[in-house]
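Hi,

Here is the structure I promised to pass on.

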Amino acid sequence: MFEFVSPFVFKSIFPKVSQHQSGIYILDIASQAKTKLVCAVLSLPVPSKSSNPGAEQGSGLMSRSVPDYIERRTLQKLLLVGCSGSGTSTIFKQAKILYKAVPFSDDEHENIKLKIQSNAYGYLGILLEGRERFEEEILGEKRKKQSSDETNPVGSSDSTDGKTIYTIGPRLKAFSDWLLKTMVSGNLEAIFPAATREYSPLVEELWKDAAIQATYSRRSELEMLSSVASYFLERVVDISRTDYEPSDLDILYAEGVTSSNGLACVDFSFPHSASDDSVDTADQHDSLLRYQLIRVQARGLGENCKWLEMFEDIGMVIFCVALSDYDQFSVDGNGSLMNKMMLSRKFFESIVTHPTFDQMEFLLILNKYDLFEEKIENVPLNQCDWFDDFHPVISRHHPNGNRNSNNINHSPSLGQLASHYVAVKFKRLYSSLTGRKLYVSLVKGLEPNSVDAALKYAREVLKWDEEKTIFSISEYSMYSTEASSFSH
């Protein structure tokens, strides 16, 4: 079972902990006698022996029930990091569901349930704000047209009726105004859970209203609207019931149900398929292998990544980037507005050059590939300055080239070309910083098979890392900047 670790918990466990000016708690893990026990209880990464030179040496091989090399191999730790919105939370939940790790507790289920219900109202609030904006735009255009036609009032009555395709009736308008006022005041959480049952019929009616559907059709202009909004709004009455129990899919789609600042850990094993059993592999002890996925979000690392020293016994770093972020903006640590892809690049550079991860393998997950494929058809990749030299050549017979799609053609789509380009940009950056090879996997975070393939790819890379010393690897294959090491 995974745990979310707050500063209060750290203080209660480690009384000698000190607080950095950034607010992050710093502790000398190696000097704590009970660190190993506490980390085992909380499923946190345990510092390696090299970080504790003063520790007692073992009393000999006979005193150990499991040899060192077996113990090291039975738990492979994977550190999952990424900027806010990159999809690390979804991948973390996918791992827990896919590999049947310890199920969510009753308290966790209740918290997830409340979060799903409040999220539905949040999604509706964004749509209502968008509706008002779109309605005002059309009315403003009508007023402008009416003003220019003052000399010819004939036929101008259509301009003054005050109605547009975004207009809702008086009853729904009153509820809309109340909901938006409640959200602005910050009291939305206070009306739950009883209000969800009381107002869910109105929410359902609003969602089905033509004005809201017209607003939703312009969702690409509502930057804060989640891609899963329709999934929950379609079922708002069901999820508002007192006996509602979130399904695995609901949990997977739910936003904000995992810690955004602390650590979250989950232990799992990869299930063996029938084909695996029929093959006499050299790794018969693979069935003993367990993996620990440790998720830390960028904001949880604090100034200069102070917590990263805890992770020196990690087997691999999985860095997650949202492909669809290339035209999005967010506020950086200095309060400046910055392209989100550039923020991810900046964070990526700080992680791969951190001394803790020297010579460690990295897997780059280019997440949200499905959203990226849809967006790239309408929004140029060069919206991000880093990608200003992307000039794809699309086959004139390819469906994306708006030509005869009946011709059999295996040319790559625009989404494939663009994702390959982004992968190469990161691979070349990584090579320039480390002189090593970056592995890349394209992922659709909401699709279980896609996440499963990426995590199994990580497992294979770990195996290659263990075995590569017995092979003669060419400089080209080791340090290639091309996207040859790709997992789809």
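In which helix is Arg 459 found? The answer is α17, which covers residues 448-467. Keep in mind that this is a predicted model. Arg 459 has a relative accessible area of 18%, so it counts as buried. Leaving out residues up to four places away in sequence, Arg 459 touches Phe 270 and Tyr 291.

Asp 452 is buried at 16% relative accessibility, while Lys 456 is partly exposed at 26%.

For the overall picture, the protein chain has 488 residues, 45% of them buried, and contains 18 helices and 11 strands. Of the contacts with a separation of 6 or more, 78% are between residues 24 or more positions apart. The chain exposes about 25500 Å², with carbon and sulfur atoms supplying 51% of that.

Back to charges: the whole structure has 18 salt bridges. One of interest pairs Lys 77 with Asp 313 at 3.1 Å, N to O. That pair links distant parts of the chain, 236 residues apart: Lys 77 is in strand β3 (residues 75-82), and Asp 313 is in the loop between α13 and β6. Lys 77 is buried at 7% relative accessibility, whereas Asp 313 is partly exposed at 24%.

Another salt bridge joins Asp 389 and Lys 425, whose closest N and O atoms are 3.8 Å apart. Asp 389 lies in the loop between α15 and α16 and Lys 425 in α16 itself, so the pair ties together parts 36 residues apart in sequence. Here Asp 389 is partly exposed at 43% and Lys 425 is buried at 19%.

Helices α15 (residues 369-376) and α16 (residues 414-434) also pack against each other, at an angle of about 115° and with axes 9 Å apart. Their crossing is right-handed. On the α15 side the contact is made by Tyr 369, Phe 372, Glu 373 and Ile 376, and on the α16 side by Leu 414, Gly 415, Gln 416, Ala 418 and Ser 419. By class, that gives 5 nonpolar, 3 polar and 1 charged residues.

Lastly, have a look at α4 (residues 88-98): 9 of its 11 residues are buried, so the rest of the structure largely encloses it. Just after α4, Lys 100 takes a positive phi of about 50°.

Cheers

Notes
Residues numbered from 1 in each chain as written. Predicted model: local features only at pLDDT ≥ 70, side-chain atom pairs only at ≥ 80, totals over all residues. Heavy atoms only, no water. Buried < 20%, exposed > 50% of the residue type's maximum accessible area, 1.4 Å probe, protein only. Helix = DSSP H or I, 4+ residues; strand = E, 2+ residues; numbered from the N terminus. Axes fitted to C-alpha atoms, helices over the stretch in contact; angles between N-to-C directions. Left-handed = near helix turned anticlockwise from the far one by under 90°. Contact = heavy atoms within 4.5 Å. Nonpolar A, V, L, I, M, F, W, Y, C, P; charged D, E, K, R; others polar. Areas by Shrake-Rupley, 256 points an atom, 1.4 Å probe, with all protein chains shown as cover. Salt bridge = Lys/Arg side-chain N within 4 Å of Asp/Glu carboxyl O.
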